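I am opening my notebook on a structure that is new to me. Come along while I look things up, one entry at a time.

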Amino acid sequence: MAEEIMVDLDVEEDAMALDEAEYDRDFQKDRFESLQDEDSASSHAQRSVEGWIVLITGVHEEASEDDLREMFGDFGPILNLKLELDRRTGYVKGYALIEYETFKEAKSAIDSVTNPLDGSDMLLERKISADWAFVRGAGASRSLQTANFR
């Protein structure tokens with residue numbers, strides 16, 4: 001009789017553990033919003049909090065924000081553009097960050113530089129590269145591996 005009670009307790013504990021795991025999974029699913037876009041499911045890109053950020057490397061030291069807006073504005077509205085300057089020299093550091101609202105806009109901007117059809121990988125007579133600023137997993141970004149920093 002004691003063995004029978006022990007077996008029943010084990011079955012009940014297993015059922016309670018399954019119920020708790022199922023509850024936790026359902027609770028997590030409903031509570032947290034996913035940042036992953038449907039279009040990016042097969043991509044290594046990672047969305048930032050506000051949008052999709054593209055890293056442009058190899059930017060000429062005399063390039064301006066207007067040059068970049070002119071070049072990358074055709075793919076969609078630019079939410080934010082960051083062109084870092086060297087404090088000592090006042091010249092561009094060689095990279096820029098451009099933020100788009102949708103994955104599709106950012107992807108088309110990257111593709112235009114990665115697979116140029118009409119020399120669209122040149123800015124002020126200097127070859128530039130583009131890739132995702134945020135990626136999933138180590139070593140997923142091509143830009144940092146091939147960047148031409150001074």
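**Entry 1: a pair of strands**

I started with strand β2 (residues 78-85) and strand β3 (residues 92-100), which run antiparallel and are joined by six bridges. I noted that two strands count as paired if DSSP finds at least two bridges between them. Helices (H or I, at least four residues) and strands (E, at least two) are DSSP runs, numbered from the N terminus. The model is a predicted one, where local features need pLDDT of at least 70 and side-chain atom pairs count only at pLDDT 80 or more, while totals for chains, interfaces and linings use all residues. Residues are numbered from 1 along each chain as its sequence is written, and side-chain values use heavy atoms, with hydrogens and water left out.

Which residue of β3 stands opposite I78? I found Y100 there. I then looked up N80, which also has its place in strand β2. N80 and I98 are 18 residues apart in sequence, yet their C-alpha atoms are 5.9 Å apart in space. N80 counts as partly exposed, because its relative accessibility is 41%. For these words I use the following cut-offs: buried is under 20% relative accessible area, exposed is over 50%, and partly exposed is in between (1.4 Å probe, protein chains only).

Between the strands of the β2 and β3 hairpin I counted six residues, and G90 takes a positive phi near 85 degrees in this hairpin.

**Entry 2: the whole chain**

I stepped back for an overview. The protein chain has four helices and six strands. Read from the N terminus on, the order of its elements is α-β-α-β-β-α-β-β-β-α. I also checked burial: 28% of the 150 residues of the protein chain count as buried.

**Entry 3: strand β1**

Next I turned to strand β1 (residues 52-57). Six of its six residues are buried, so the strand is largely enclosed by the rest of the structure. Which way do the side chains point? W52, V54 and I56 point one way from β1, while I53, L55 and T57 point the other way, and all are buried.

With β3, β1 pairs in the antiparallel sense over six bridges, and in β3 I found E99 as the bridge partner of I53. With strand β6 (residues 129-132), β1 also pairs in the antiparallel sense, over four bridges. There V54 stands opposite W132 of β6.

**Entry 4: a salt bridge**

How many salt bridges does a search of the whole structure find? The search gives one. The term means a side-chain nitrogen of Lys or Arg within 4 Å of a carboxyl oxygen of Asp or Glu. I found the side chains of K107 and D111 meeting in a salt bridge, at 3.3 Å from N to O. K107 and D111 are four residues apart in helix α3 (residues 103-114), so about one helical turn separates them.

Is K107 buried or partly exposed? K107 is partly exposed, because its relative accessible area is 32%. D111 also counts as partly exposed, at 29% relative accessibility.

In helix α3 I also found S112. S112 counts as buried, because its relative accessibility is 15%. The C-alpha atoms of S112 and S129 are separated by 9.9 Å, and these residues are 17 apart along the chain.

**Entry 5: helix α2**

I moved on to helix α2 (residues 65-72), where E70 lies. E70 is exposed, because its relative accessible area is 62%. M71 is found in helix α2 too, but M71 counts as buried at 18% relative accessibility. The C-alpha atoms of M71 and M122 are 9.6 Å apart in space, with 51 residues of separation in sequence.

**Entry 6: two loop residues**

My last stop was the loop between β4 (122-123) and β5 (126-127), where L124 lies. L124 has a positive phi of about 55 degrees although it is not a glycine. E125 has its place in the loop between β4 and β5, and E125 has a positive phi of about 60 degrees, again without being a glycine.
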